[in-house]
Amino acid sequence: NTTADEVISWYQAQKYHPDEPVQAAIATYRDIGKVDQALRLALEYPHLQVARKLIREHLTEALSYFKDTHSRLAHPNAEYALGIAFLECGRGLDAEPYLKHALDQVKPGPQRIAVEECLRRLDRELSKMV
């Protein structure tokens, strides 16, 4: 029984980081009822389609887990995950401060691009509401 932390350690030690192994792990944990392990992976990779689906399916648990991780552990990805979770449940105004703070924290690279895209999408959605 491999834990999500073991999957993360293995994955981060690899030379290349395609999305497929993490997506498969999240889906597997979800399918066997280990939502806590799936959420642990979703915390690290909330932008993945399977992570977003998990968040939508287990919204209350996801928000609780990400909020707890943010307040208790100050995990560097918790704000990004919270922003994604709020986006997934249609709460853009709640997502915005978390995503903006995540953007300030993230280094240049794919994750920064993903956060910027979330903020652009959110800006478009919020401007339609005005």
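Which residues lie nearest the centre of the largest pocket? In this predicted model, these are Glu 44, Tyr 45, Asn 77, Val 106 and Gln 111, which belong to a lining of 21 residues. The volume of the largest pocket is about 610 Å³. Divided by class, its lining comprises 10 nonpolar, 8 polar and 3 charged residues. At least two lining residues come from each of helix 1 (4-13), helix 7 and helix 8 (110-129). The greatest contribution is that of helix 8, which supplies 4 residues.

The axes of helix 6 (residues 78-88) and helix 7 (residues 92-105) come within 8 Å and cross at roughly 155°. Because angles over 145 degrees count as roughly antiparallel, helix 6 is described as roughly antiparallel to helix 7. The crossing of helix 6 with helix 7 is left-handed. On the helix 6 side, the contact is formed by Glu 79, Tyr 80, Leu 82, Gly 83, Ile 84, Phe 86 and Leu 87. Helix 7 contributes Gly 92, Asp 94, Ala 95, Tyr 98, Leu 99, His 101, Ala 102 and Gln 105 to the contact. The residues of this contact comprise 9 nonpolar, 4 polar and 2 charged.

Helix 6 is also approached by helix 4, with axes that come within 9 Å and cross at roughly 65°. Helix 4 passes helix 6 in a right-handed crossing. Arg 52, Ile 55 and Arg 56 of helix 4 make this contact with Ile 84, Ala 85 and Glu 88 of helix 6. The contact of helix 4 with helix 6 contains 3 nonpolar and 3 charged residues, with no polar residues. Ile 84 of helix 6 takes part in the contact with helix 4 and is likewise found in the contact with helix 7.

By class, the residues in the contact of helix 2 with helix 4 are 5 nonpolar, 2 polar and 3 charged.

Terms used: Residues are numbered from 1 along each chain as its sequence is written. This is a predicted model: local features need pLDDT of at least 70, side-chain atom pairs count only at pLDDT 80 or more; totals for chains, interfaces and linings use all residues. Side-chain values use heavy atoms; hydrogens and water are left out. Axes are lines fitted to C-alpha atoms, for helices over the stretch in contact, and angles run from 0 to 180 degrees between N-to-C directions. Angles under 35 degrees count as roughly parallel, over 145 as roughly antiparallel, 65 to 115 as roughly perpendicular and the rest as oblique. A crossing is left-handed if the near helix is turned anticlockwise from the far one by less than a right angle, and right-handed if clockwise. Contact means heavy atoms within 4.5 Å. Ala, Val, Leu, Ile, Met, Phe, Trp, Tyr, Cys and Pro count as nonpolar, Asp, Glu, Lys and Arg as charged, and the others, Gly among them, as polar. On a 1 Å grid over the protein atoms alone, a cavity is a set of points where a 1.4 Å probe fits but cannot get out, and a pocket is an open set with protein on both sides within 12 Å along at least five of seven lines; lining residues have an atom within 4 Å of a point. Grid points are joined across faces, edges and corners, and a volume is the space filled by probe spheres set on the points.
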